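Here are a few notes to go with your first look through this one. Keep the viewer open while you read.

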Amino acid sequence: MPAEHDSCELLRAIARYPSGDATRQIYQLVDKVRDWDSLLSLAQEHRVLPMLFSRFADMGPAVPPAVQDRLQAEYHRNVFHCLANAVELISVLKAFDHERIPAMPFKGVVLAASIYHNLTARSAGDLDLLIHYRDLARATAILLERGYELKTPMHEDGTPAGPGHYECHFERQRDGMVVELRWMLELTQPRFRRNLGMDWVWPQRRTAIVAGTEVPDMNCEIKLLVLCMHGSKHIWSRLIWICDVAQLLNVSPDLDWQEVIEEAKRSGLWRALALGILLAHRVAGAAVPQATLRRFESDTTARRLAQLIQDNLFDAPCSPPPGRMPYNVQLLGFDDRLKMLFSPDFLQPNVRDRAAIPLPKSLYALYYLIRPFRILWDRSAR
């Protein structure tokens with residue numbers, strides 16, 4: 001069912017706040033909202049309820065009291081969750097540091113504290129930590145001692161089961177806390193391997209203040225690439241991810257654009273960066289230098305994808321853009337597409353290949369020839 005037009009426009013205005021036009025539009029659109037349940041559900045889906053609460057705080061009777069009460073209750077719940085996350089993050093980092101395990105937190109409360117300057121400004125989620133793979137066993141032992149359970153299936157040798165696993169998922173039953181340990185960040189599915197791990201983010205680290213405590217944080221240039229990588233991987237299906245990029249740009253006037261662009265090209269993230277910047281500019285009004293913006297707009301594929309995502313942001317989030325080439329392949333440049341085409345994970349036939357063209361077992365070797373064409377031309381490869 002399509003989202004209510006005025007609710008969608010109101011959330012778009014919320015994303016562009018505090019520009020003067022957005023502020024006036026918010027006041028105008030609030031008077032047009034007829035289905036407040038739909039608006040709140042949409043805001044929850046896009047993880048912008050804290051923003052909605054803060055924007056509505058001074059609107060008085062224009063927002064029904066029952067809606068204000070619901071927003072306030074959600075806000076308080078999120079504040080509690082954020083503070084609990086912050087306390088646990090600091091404790092885990094201290095435990096890791098005691099065992100000389102470097103760990104880089106990203107997303108979550110660290111992102112909120114570093115770019116919004118308020119750790120409760122975003123909806124709280126899991127604790128995400130990037131570590132060296134060599135430290136996985138010791139980090140796992142620490143989390144198990146803290147009452148977490150490892151939920152990721154593992155082989156007997158301690159490696160995650162399944163091809164391409166770069167993370168371990170931990171849950172603690174007594175308080176619902178969730179920790180994700182990762183040792184590599186990736187953009188595409190099937191995974192296109194690049195060494196985007198601690199060796200990428202740690203040498204240029206800085207610090208952020210979370211609940212009065214210094215914690216490691218990515219520098220602005222790497223953080224921008226990570227945000228664009230994450231949003232692009234998930235087809236920018238949540239408004240908050242676009243707002244995050246816009247907010248980072250707004251609070252980073254000294255951002256080194258040349259370094260960002262060069263690093264994006266080195267790490268295979270050029271199109272993800274271009275897509276994130278175009279969406280942040282178009283949807284959330286992020287200020288981007290004109291010369292830099294023209295460079296991103298010159299990428300025809302990024303420009304087309306940005307328009308499709310923008311048009312479907314509320315009615316069909318996470319829908320793969322139309323076209324015969326899969327979305328994850330469109331994110332890559334020509335050279336990277338060739339590298340992915342001949343990577344072991346990419347060439348390994350699977351059940352979809354066998355379903356596309358049934359062959360007798362004696363001819364199964366032909367699936368190694370069939371698979372590249374099936375992946376590139378069959379959108380079911382997503």
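**Notes on the fold and its cores**

1. Let's start at one spot: Thr 140 is part of helix 7 (residues 136–145). Helices here are DSSP runs of H or I with at least four residues, strands are E runs of at least two, and both are numbered from the N terminus. Thr 140 is buried, at a relative accessible area of 13%; buried means under 20%, exposed over 50%, and partly exposed in between (1.4 Å probe, protein chains only). Beyond neighbours within four places in sequence, Thr 140 has contacts with Phe 170 and Leu 181 (contact means heavy atoms within 4.5 Å).

2. Before going further, a word on the source: this is a predicted model, where local features need pLDDT of at least 70 and side-chain atom pairs count only at pLDDT 80 or more, while totals for chains, interfaces and linings use all residues. Residues are numbered from 1 along each chain as its sequence is written, and side-chain values use heavy atoms, leaving out hydrogens and water.

3. Now zoom out. The protein has 19 helices and seven strands, and 51% of its 382 residues are buried. Of the contacts between residues at least 6 apart in sequence, 68% join residues at least 24 apart.

4. Which residues touch the most other members of the largest nonpolar core? They are Leu 52, Phe 56, Trp 200, Leu 224, Trp 236 and Leu 273, out of 89 residues. Helix 12 (residues 270–284) gives the most to this core, eleven residues. A separate core has 33 residues, including Ala 86 and Val 179. (A nonpolar core is a set of buried Ala, Val, Leu, Ile, Met, Phe, Trp, Tyr and Cys residues joined through side-chain atoms within 4.5 Å.)
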